[in-house]
Amino acid sequence: MKSIDQLDINGKKVLIRVDFNVPTDDQGNITDDTRIRAHLETIRYATDKGGKVVLISHLGRPKGKRNEKYTLRPVAKRLSELLGKTIPFSDDCVGEPAEKAVAALKAGDVVLLENLRFHAEEEKNDPGFAEQLAALGDVYIDDAFAAAHRGHASNAGITAFIKECAVGILLKNELDYLRKATVNPERPLVAIIGGAKVSDKIGVLKNLVEKVDAMLIGGGMAFTFIKAQGYEVGKSLCEVDMLDTAREIMEKAKQKGVKLLLPVDCIIAERAEIDALAKEASVQAIPSDWAALDIGPKSSALFAEALAGAKTIVWNGPMGLFELEPFSKGTTALARAVADSPATSIIGGGDTDTAVHQAGVSDRISYISTGGGAFLELLEGRSMPAIEALESCGGAQ
Ligand code: AMP
């Protein structure tokens, strides 16, 4: 695949698929602009090289209909502040408003078009809609990693209608870092997988157990594994229909010589509430009416020890119910241990991102992915529709 620096974009209309799917409050104010900032390098690169930049994105789930709750207008305002110049906004991403806005661009200008998902054709990957979008650019740049696991008109269908395609700086970085974790990683490679459910991450667990040197499993999902080992887990999260899957993964680890670590102790409480009585317990002694809501201090020490000597660490999912302070210590301790490690550390997923920020260590993590679902699909070893589309684009070969 080509990257943006391999295309001549001077004076050309550069259509960039970004992911400005930012969280907003009830009044439509942006509560976290990380996803806008993540694309600034690509946008600045394109304008510095004399491109006429046309930005397309989705926001939320308007389900194919215009809905003011999901307008990208506030993003244009925030982007104007970040770029230090007024960024015009077009009320539609196709048709006359879009065509007029694009025609008015001079070299170095930027325009943001309205939410792609106001048109049902976007998520249906409709060829006619893809062609209309493609007509807005001379070259197409995909920079939207967080949307790359979806095959939509703006990131998959579009490449059939445009000659030159490339990846932007953000998407290139994401793919480069994630390949560091999945293709020829520097070893030892340690994966840390947490979060609520085994069922959400079966693909990740099964793929990674074939690749890693050690796998640390925490969070609610660990208790399905502990139950599969024959212990009672009380009211802790546990998926009884996943017990065989858990056993299979443990067996695979054994066969492959992969060190699979589970928590040895936990923080238990009678209720998942901030003021509930909480105490430490061994994972082999969880009382029947209590739930394990975090890993305990012995497990934190064990996990930190397992990271010593790692050359690559990949992490998705919290170690406990970290949103509530009494159950956040395991996740925070792990975030510190990952940050302290000299290994290349790659994390992804909204909760894991929040956790490293809460622990104040985000600047000591090698790479924080902007993808949640896309990050997990790459860890599952699946190919992504948007990447396949770029690879088959005439100009990208
Ligand atoms: P996931 O989206 O699968 O990564 O799961 C993240 C969610 O799992 C977060 O909201 C955590 O609070 C929750 N979680 C993690 N560990 C536990 C646990 N031991 N008990 C209950 N919820 C948990």
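## Reading the terms in this model

Modeller: Threonine 370 is found in the loop between β15 and α14, where helices (H or I, at least four residues) and strands (E, at least two) are DSSP runs numbered from the N terminus. This is a predicted model, in which local features need pLDDT of at least 70 and side-chain atom pairs count only at pLDDT 80 or more, while totals for chains, interfaces and linings use all residues. Residues are numbered from 1 along each chain as its sequence is written, and side-chain values use heavy atoms, with hydrogens and water left out.

Colleague: Why does threonine 370 count as buried?

Modeller: Threonine 370 has a relative accessibility of 17%, and buried means under 20% relative accessible area, with exposed over 50% and partly exposed in between (1.4 Å probe, protein chains only). The value falls under the cut-off, so the word buried applies to threonine 370.

Colleague: What makes the pairing of threonine 370 and glutamate 174 a polar contact?

Modeller: The side chains of threonine 370 and glutamate 174 are joined at 2.6 Å. A polar contact is a pair of N or O atoms within 3.5 Å; within protein, one must be able to donate a hydrogen and the other to accept it, and residues adjacent in sequence count only if both atoms are side-chain atoms. Serine 369 also has a polar contact with glutamate 174, side chain to side chain, at 2.7 Å, and the serine 369 side chain reaches the backbone nitrogen of glycine 371 at 3.0 Å. Serine 369 counts as buried, because its relative accessibility is 4%.

Colleague: Which residues does threonine 370 have in contact, leaving aside neighbours within four places in sequence?

Modeller: Contact means heavy atoms within 4.5 Å, and on that basis the partners of threonine 370 are Arg35, Ala38, Phe145, Ala146, Leu170 and Glu174.

Colleague: How do you know where domain 1 and domain 2 lie in the chain?

Modeller: The bounds come from an automatic or database domain assignment, which places domain 1 at 4-171 and domain 2 at 185-380. Their centres, taken over C-alpha atoms, are separated by 36 Å, and six residues of domain 1 are in contact with nine residues of domain 2.

Colleague: What area is buried between domain 1 and domain 2?

Modeller: Buried area is the accessible area (1.4 Å probe) that two parts lose on being put together, summed over both, and between domain 1 and domain 2 it is about 650 Å², with carbon and sulfur atoms giving 64%. On the domain 1 side, Phe145, His149 and Leu170 lose the most area to domain 2, together 73% of what that side buries.

Colleague: What makes the link between lysine 12 and glutamate 164 a salt bridge?

Modeller: A salt bridge is a side-chain nitrogen of Lys or Arg within 4 Å of a carboxyl oxygen of Asp or Glu, and the closest N and O atoms of lysine 12 and glutamate 164 are 3.6 Å apart. This pair links distant parts of the chain, with lysine 12 in the segment before β1 (13-17) and glutamate 164 in strand β6 (residues 164-167), 152 residues apart. Lysine 12 is called partly exposed because its relative accessible area is 24%. By the salt-bridge rule the count comes to 22, whereas between domain 1 and domain 2 it is zero.

Colleague: Which residues are linked in a network of salt bridges?

Modeller: The network links Asp33, Arg37, Arg78 and Glu81. Arginine 78 meets aspartate 33 at 2.8 Å, N to O, and these two are 45 residues apart, with arginine 78 in helix α3 and aspartate 33 in the loop between β1 and α1 (34-37). Arginine 78 also meets glutamate 81 at 2.6 Å, and both lie in helix α3, three residues apart, about one turn of the helix.

Colleague: Why is lysine 63 called exposed?

Modeller: Lysine 63 has a relative accessible area of 70%, so it counts as exposed. Lysine 63 lies in the loop between β2 (52-56) and α3 (73-83), and its phi is near 55 degrees, a positive value in a residue other than glycine. Most residues other than glycine have a negative phi, and most peptide bonds are trans. The peptide bond from arginine 187 to proline 188 is cis, with omega near 5 degrees, and proline 188 lies in the loop between α7 (169-182) and β7 (189-193).
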